[in-house]
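Please open the model in your viewer and keep the selection panel at hand. The stops below proceed from one selection to the next.

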Amino acid sequence: MSKGFFFVPLAGLVVFTAYLGVRAGEVPSETDIINRYAAAYLLTAPDGAQPTDCAAAPHPEDSIRMVINCVHPSGLTTTYFVGPRGEALPQPQGPSA
(Lines give C-alpha, C1' and ligand atoms only; values in the text may rest on other atoms or scores of the structure.)
Protein backbone atom coordinates (compact mmCIF):
# COMPACT_ATOMS: atom_id res chain seq x y z
CA MET A 1 0.00 0.00 0.00
CA SER A 2 1.44 3.38 -0.92
CA LYS A 3 1.87 6.23 1.51
CA GLY A 4 -0.46 8.41 -0.57
CA PHE A 5 -3.50 6.45 0.55
CA PHE A 6 -2.94 7.62 4.13
CA PHE A 7 -3.35 11.26 3.08
CA VAL A 8 -6.60 10.81 1.13
CA PRO A 9 -8.80 10.66 4.28
CA LEU A 10 -6.95 13.65 5.71
CA ALA A 11 -7.49 15.62 2.50
CA GLY A 12 -11.19 14.71 2.59
CA LEU A 13 -11.46 15.90 6.17
CA VAL A 14 -9.77 19.20 5.29
CA VAL A 15 -12.14 19.78 2.36
CA PHE A 16 -15.19 18.94 4.51
CA THR A 17 -14.02 21.27 7.28
CA ALA A 18 -13.50 24.08 4.76
CA TYR A 19 -17.02 23.52 3.42
CA LEU A 20 -18.48 23.74 6.94
CA GLY A 21 -16.51 26.94 7.56
CA VAL A 22 -17.88 28.55 4.41
CA ARG A 23 -21.44 27.54 5.31
CA ALA A 24 -21.10 28.87 8.86
CA GLY A 25 -19.85 32.21 7.56
CA GLU A 26 -22.82 32.82 5.25
CA VAL A 27 -25.25 35.55 6.18
CA PRO A 28 -28.81 34.16 6.31
CA SER A 29 -31.41 35.60 3.96
CA GLU A 30 -34.27 37.75 5.19
CA THR A 31 -36.70 34.91 4.55
CA ASP A 32 -34.62 32.52 6.66
CA ILE A 33 -34.49 35.03 9.49
CA ILE A 34 -38.23 35.77 9.42
CA ASN A 35 -39.05 32.04 9.35
CA ARG A 36 -36.74 31.39 12.31
CA TYR A 37 -38.31 34.11 14.44
CA ALA A 38 -41.86 33.14 13.37
CA ALA A 39 -41.10 29.61 14.60
CA ALA A 40 -39.84 31.04 17.91
CA TYR A 41 -43.02 33.11 18.17
CA LEU A 42 -45.20 30.02 17.65
CA LEU A 43 -43.43 28.28 20.54
CA THR A 44 -44.25 31.08 22.99
CA ALA A 45 -47.54 32.51 21.68
CA PRO A 46 -51.00 31.55 22.96
CA ASP A 47 -53.28 29.20 21.04
CA GLY A 48 -54.41 30.49 17.68
CA ALA A 49 -51.02 31.87 16.64
CA GLN A 50 -50.02 31.51 12.99
CA PRO A 51 -46.70 32.15 11.22
CA THR A 52 -48.53 34.75 9.13
CA ASP A 53 -48.97 36.85 12.29
CA CYS A 54 -45.36 37.99 11.77
CA ALA A 55 -44.10 40.76 9.49
CA ALA A 56 -40.68 42.35 9.18
CA ALA A 57 -39.45 45.82 8.37
CA PRO A 58 -35.93 47.20 7.93
CA HIS A 59 -34.48 49.35 10.70
CA PRO A 60 -32.73 52.68 10.00
CA GLU A 61 -29.75 51.83 12.24
CA ASP A 62 -26.95 49.79 10.64
CA SER A 63 -26.52 47.74 13.81
CA ILE A 64 -30.12 46.45 13.53
CA ARG A 65 -30.95 44.59 10.32
CA MET A 66 -34.70 44.33 10.80
CA VAL A 67 -37.56 44.43 13.27
CA ILE A 68 -40.01 41.54 13.28
CA ASN A 69 -43.43 42.15 14.79
CA CYS A 70 -45.75 39.24 15.48
CA VAL A 71 -49.30 40.28 16.36
CA HIS A 72 -51.53 37.60 17.85
CA PRO A 73 -55.26 37.79 17.01
CA SER A 74 -55.89 38.62 20.70
CA GLY A 75 -53.80 41.79 20.29
CA LEU A 76 -50.63 40.55 22.00
CA THR A 77 -47.58 41.88 20.12
CA THR A 78 -44.16 40.25 20.21
CA THR A 79 -41.27 42.23 18.76
CA TYR A 80 -37.86 40.86 17.78
CA PHE A 81 -34.86 43.02 16.90
CA VAL A 82 -32.43 41.24 14.59
CA GLY A 83 -28.75 42.01 14.05
CA PRO A 84 -26.83 42.03 10.75
CA ARG A 85 -26.11 38.27 10.87
CA GLY A 86 -29.57 37.22 12.10
CA GLU A 87 -28.75 37.27 15.81
CA ALA A 88 -31.31 38.37 18.39
CA LEU A 89 -30.69 41.81 19.86
CA PRO A 90 -32.11 43.46 22.95
CA GLN A 91 -34.66 46.20 22.46
CA PRO A 92 -32.78 49.43 21.67
CA GLN A 93 -33.02 52.25 24.17
CA GLY A 94 -34.68 55.48 23.17
CA PRO A 95 -32.86 58.81 23.13
CA SER A 96 -31.68 60.02 26.52
CA ALA A 97 -33.06 63.28 27.86
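Begin by selecting Arg-65 and Glu-30: the two form a salt bridge, with their closest N and O atoms 3.0 Å apart. The term denotes a side-chain nitrogen of Lys or Arg within 4 Å of a carboxyl oxygen of Asp or Glu. This pair links distant parts of the chain, since Arg-65 sits in the loop between β1 and β2 while Glu-30 belongs to helix α2, 35 residues apart. Helices (H or I, at least four residues) and strands (E, at least two) are DSSP runs, numbered from the N terminus. The structure holds one salt bridge. Glu-30 has 41% relative accessibility and therefore counts as partly exposed; buried means under 20% relative accessible area, exposed over 50%, and partly exposed in between (1.4 Å probe, protein chains only).

A note on the source of these values: this is a predicted model, in which local features need pLDDT of at least 70 and side-chain atom pairs count only at pLDDT 80 or more, whereas totals for chains, interfaces and linings use all residues. Residues are numbered from 1 along each chain as its sequence is written, and side-chain values use heavy atoms, with hydrogens and water left out.

Next, display the strands. Four of them form an open sheet in the order β1-β2-β3-β4, with antiparallel pairing; two strands pair if DSSP finds at least two bridges between them. β1 and β4 (88-89) are the edge strands, each pairing on one side only. Five bridges join the antiparallel strands β1 and β2. To follow them, select Ala-56, whose bridge partner in β2 is Ile-68, and then Pro-58, whose partner in β2 is Met-66. Met-66 also stands opposite Val-82 in β3. Between β2 and β3, which run antiparallel, there are six bridges. Their hairpin has five residues between the strands, and Gly-75 there takes a positive phi near 105°.

Now select Cys-54 and Cys-70, which are joined by a disulfide with an S to S distance of 2.0 Å; the criterion is a pair of cysteine sulfur atoms within 2.5 Å. The torsion about their S-S bond is about 110°, so the disulfide is right-handed. Because Cys-54 lies in strand β1 (residues 54-58) and Cys-70 in strand β2, the pair ties together parts that are 16 residues apart in sequence. Both Cys-54 and Cys-70 are buried.

Which residues does Ile-33 touch? Leaving aside residues up to four places away in sequence, Ile-33 touches Pro-28, Arg-65, Met-66, Ile-68, Val-82 and Gly-86, where contact means heavy atoms within 4.5 Å.

Finally, select Val-15, which is placed in helix α1 (residues 4-25). Its relative accessibility is 59%, so Val-15 counts as exposed. From Val-15 to Tyr-80, the separation is 65 residues in sequence and 37 Å in space, C-alpha to C-alpha.
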